[in-house]
Amino acid sequence: MNEQLSADASPILDVQHLNVSYGAFQAVREVSFSVYGGEIFGLLGPNGAGKTSTLSAVEGLLKPDTGTITVAGYDTRQKPLHARANMGVQLQATSFQPELTIAEIIRLFASIYGVNLDEASVKEKLAAINLEAAAGKKIAELSGGQQQRVSLIISTIHNPQLVLLDEPTTGLDPQSRRQLWERMEHFRNNGHAVLLTTHSMEEAEAVCDRIAIIDHGRIIAIDTPEALIDKHRHDPEVQKAVRKGKVTLEDVFIGLTGTAVRS
């Protein structure tokens, strides 16, 4: 975070006592957390832990059983359109119109959001992600990392207060991943709230100001990466997970969630 949060700071995303069920199965249990402007907040958990259900509820794709979600002060149930207008969502995989060029796709989605972009503005946005030379290319001609950068530009073209990133760097090479990290930090440094889900503990430790670990539908830990490591470094289960002497966030994650592989 750029500055220490004041006691009266209002969160851009506020999730309180969230419960989500699929029939008799309860996927999310009393989950509460807040994300503030100027921070990258990581939501980490094993497969099936409740990350996707939580994110889907925030996005408005799932109706919670109980609990409240507010985005930029708007309750997602009472003011769903206002809440969605203040969020941008980048999924792990996104499909765009294959017959359009990158510049045409950007202008198309800008018009959907009511944003007027002239040719110079499109070039400026592409230059910000080092793709100004790709304006005339089609999406299939870009590498995976380039496609993710274009997707991030499109999902945030309306300058939303909240940016939701669902495992955006999965499968990318180190250079492409670092470029996306820079874009996340750009949003944070400009006062946006960023909610990131990732399976990469290295990524979470590198870019997240705070993280929450969710398992079996419940938040089991929430703090800065450094504080979580300090708090749990001497836990017996964490010590069992240590491989090279230095306790890492991954060691803490394994110590808290266990070694069993989740389907």
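This section describes the fold of one protein chain and the surroundings of selected residues within it.

The structure is a predicted model, in which local features require pLDDT of at least 70 and side-chain atom pairs count only at pLDDT 80 or more, while totals for chains, interfaces and linings use all residues. Residues are numbered from 1 along each chain as its sequence is written, and side-chain values rest on heavy atoms, with hydrogens and water left out.

The protein chain contains 10 helices and 10 strands; these elements are DSSP runs numbered from the N terminus, helices being H or I with at least four residues and strands being E with at least two. The C-alpha trace spans about 60 × 45 × 40 Å along its principal axes.

Of the 263 residues, 47% count as buried, where buried means under 20% relative accessible area, exposed over 50%, and partly exposed in between (1.4 Å probe, protein chains only). The accessible surface of the protein chain comes to about 13,100 Å², and 48% of this surface belongs to carbon and sulfur atoms. These areas come from the Shrake-Rupley method with a 1.4 Å probe, and for residues only the protein chains shown count as cover. Among contacts between residues at least 6 apart in sequence, 65% join residues at least 24 apart; a contact means heavy atoms within 4.5 Å. The chain carries 25 positive and 32 negative charges, whose mean positions are 3 Å apart. In this count Lys and Arg are positive and Asp and Glu negative, with His and the chain ends not counted; each charge is placed at NZ of Lys, CZ of Arg, CG of Asp or CD of Glu.

Helix α3 covers residues 102-112, and its buried residues are Ile102, Ala103, Ile105, Ile106, Phe109 and Ala110. Viewed down the axis of α3, the buried residues fall within an arc of 160 degrees, so they line one face of the helix. The arc is that of the directions from the helix axis to the C-beta atoms. The buried residues of α3 pack against α4 (119-128) and α5 (144-155). After α3 comes Gly114, which has a positive phi near 75 degrees. The loop between α4 and α5 holds Ala135. Ala135 is in contact with Thr101, Ile102, Ala103 and Leu126, leaving aside neighbours within four places in sequence. Ala135 and Ser34 are 101 residues apart in sequence, and their C-alpha atoms are 37 Å apart in space.

Several residues of interest occur around strand β5. Ala72 is placed in the loop between β4 (66-71) and β5 and is partly exposed, with a relative accessible area of 23%. Thr76 lies in the loop between β5 (74-75) and α2 (80-85) and is buried, at a relative accessible area of 16%. Apart from neighbours within four places in sequence, Thr76 is in contact with Val58, Ile69, Val71 and Ala83. In helix α2 lies His82, which is partly exposed at 38% relative accessible area. His82 and Glu104 are 22 residues apart in sequence and 27 Å apart in space, C-alpha to C-alpha.

Most residues other than glycine have a negative phi. Ala72, although not a glycine, has a positive phi of about 55 degrees. Glu167, also not a glycine, has a positive phi of about 45 degrees. Glu167 is located in the loop between β7 (162-166) and α6 (174-189) and is buried, with a relative accessible area of 14%.

Two further residues lie towards higher numbers. Asp215 belongs to strand β9 (residues 210-215) and is buried, its relative accessible area being 7%. Residues up to four places away in sequence not being counted, Asp215 touches Pro46, Ala49, Ile220, Thr257 and Arg262. Leu256 belongs to helix α10 (residues 249-257) and is partly exposed, with a relative accessible area of 26%. On the basis of the exclusion of residues up to four places away, Leu256 touches Ile213, Ile220, Ala221 and His232. Leu256 and Lys138 are separated by 118 residues in sequence and by 44 Å in space, C-alpha to C-alpha.
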